[in-house]
Amino acid sequence: MTTELEKAGIPVVQITSALPIAKMVGSNRIVLGAGIVHVTGDAKLPMADEKQLRRKLVQQALDALQSNEKR
């Protein structure tokens with residue numbers, strides 16, 4: 001899906017814990033997520049720490065969205 005959106009001119013960042021699969025399908029911008037079950041968080045962390053983790057991942061995705069290089 002990410003490659004089709006990119007072909008249509010819509011920049012996409014894929015947040016995933018399955019990095020090899022994202023690379024294999026040709027995703028241009030990839031951010032490594034926290035885990036398989038909770039990609040953009042970690043339920044084992046205290047709420048404040050999880051919020052900080054989520055904010056960090058979203059910021060990485062926004063930074064990647066502004067670039068043309070692979071991550």
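This is a predicted model: local features need pLDDT of at least 70, side-chain atom pairs count only at pLDDT 80 or more; totals for chains, interfaces and linings use all residues.

User: OK, which side chain does Glu50 meet in a salt bridge?

Analyst: Arg54, at 3.1 Å, N to O. A salt bridge here is a side-chain nitrogen of Lys or Arg within 4 Å of a carboxyl oxygen of Asp or Glu. Glu50 and Arg54 are four residues apart in helix H3, so about one helical turn separates them. Arg54 is partly exposed, with a relative accessible area of 44%.

User: How many salt bridges by that rule?

Analyst: Three. Glu4 and Lys7 form one of them, at 3.3 Å, N to O. They sit three residues apart in helix H1, again about one helical turn. Glu4 is partly exposed at 48%, and Lys7 is exposed at 66%.

User: And what does Arg29 pair with?

Analyst: Glu6, with the closest N and O atoms 2.6 Å apart. That pair links distant parts of the chain: Arg29 is in the loop between helix H2 (19-24) and strand E2 (30-32), and Glu6 is in helix H1, 23 residues away.

User: Arg29, buried or exposed?

Analyst: Buried, with a relative accessible area of 5%. Glu6 is partly exposed at 22%.

User: Switching topic, what's the overall layout?

Analyst: From the N terminus the elements run α-β-α-β-α, giving three helices and two strands. Those are DSSP runs, numbered from the N terminus: helices are H or I with at least four residues, strands are E with at least two. Of the 71 residues, 25% count as buried. The C-alpha atoms fill a box of roughly 40 × 20 × 15 Å, taken along the principal axes.

User: Last one: where is Ser67, and what does its side chain reach?

Analyst: Ser67 is in the segment after helix H3 (47-65). Its side chain reaches the backbone oxygen of Ala64 at 2.9 Å. Ser67 is buried too, with a relative accessible area of 10%.

How values were computed. Residues are numbered from 1 along each chain as its sequence is written. Side-chain values use heavy atoms; hydrogens and water are left out. Buried means under 20% relative accessible area, exposed over 50%, partly exposed in between (1.4 Å probe, protein chains only). A polar contact is a pair of N or O atoms within 3.5 Å; within protein, one must be able to donate a hydrogen and the other to accept it, and residues adjacent in sequence count only if both atoms are side-chain atoms.
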